[in-house]
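Thanks for making time, everyone.

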Amino acid sequence: MSAAGTQVIPPRRGAGFRLAAGQLLTVIDPEGRQVADLLAYNAADVREVISSGRTLDYAETIRLTTGHLLYSNRSRPMLEIVEDSVGRHDFLLTPCSYDTFHHFYPDLPPHRGCFGNLAEALAPFGVEEDAIPVAFNCFMNVPVDGTTGRLEVLPPTSVAGDRIVLRARMDLVIGLTACSAPASNGGSFKPIHYRIDDPS
Ligand SMILES: [Zn+2]
């Protein structure tokens, strides 16, 4: 059963919302080739936050997909990936920001990026800017050369309608964006859809 129907995050924007333990969060790329940065905080204590380092360490891979758990800085499972039609996401890079734009795109008008969007969306839940870590970047395509360690940011491999579904393992506050960085999104900015479903 859908708790609130499909929600739309417009291009280059973000959203903050609660996700109760057991509920399913479906993140949908409605047009294809669009990244969505995802953050999770313990709703009862936002100092507990999703951790790339813990998650990659326990998963023993940087290729997270169906069956993997996303852990907190306190080594507790926050989310479980239960469905994934893409199989290509990133958990290495931090949300794009005003400073990212200065670094990579000095000739483009700067944008506050996912970082600024997440900071605004999460402020009502008591999350401060400095508590924003590496996000789980749904659909972001960051191949890493296993020999040299060099990484690239390529367009997502996702096509229209692709999705990833995550089940909450505790009561969470979620931050979610439609990413604003040109390279991450194949050069154009599209919306992201999401849906919250109660456990069946
Ligand atoms: Zn971004």
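Let me start with contacts. Of the contacts in the chain with a separation of 6 or more, what percentage comes from residues 24 or more positions apart? It is 75%. Keep in mind that this is a predicted model.

Now the overall dimensions. The C-alpha trace spans about 45 × 35 × 35 Å along its principal axes. The radius of gyration is 15 Å. For 200 residues, a compact globule would come out near 16 Å, so the chain agrees with that. As for burial, 40% of the 200 residues are buried.

Next, secondary structure. We have 3 helices and 11 strands. Reading from the N terminus, the order is β-β-β-β-β-α-β-β-α-α-β-β-β-β.

On annotation: UniProt, in an unreviewed entry, puts a domain called DUF1989 at residues 8-173. Over that stretch, the chain is 15% helix and 30% strand.

The largest nonpolar core holds 47 residues. Which of them touch the most other members? Four do: Val27, Ala36, Leu38 and Ala40. Helix 3, residues 113-122, gives this core its largest share, 6 residues.

Let's zoom in on Ala40. Leave out residues up to four places away in sequence, and Ala40 touches Ile50, Leu70, Met78 and Leu79, among others. Further along the chain, its partners include Leu172 and Ile174.

That's my tour. Over to you for discussion.

Conventions
Residues numbered from 1 in each chain as written. Predicted model: local features only at pLDDT ≥ 70, side-chain atom pairs only at ≥ 80, totals over all residues. Core = buried A, V, L, I, M, F, W, Y, C linked by C-beta atoms within 7 Å. Buried ≥ 20, exposed ≤ 12 C-beta atoms within 10 Å, placed from the backbone. Helix = DSSP H or I, 4+ residues; strand = E, 2+ residues; numbered from the N terminus. Contact = placed C-beta atoms within 7 Å. Rg over C-alpha atoms; globule rule 2.2 N^0.38 Å. UniProt positions renumbered as here; feature names shortened; annotations may be inferred.
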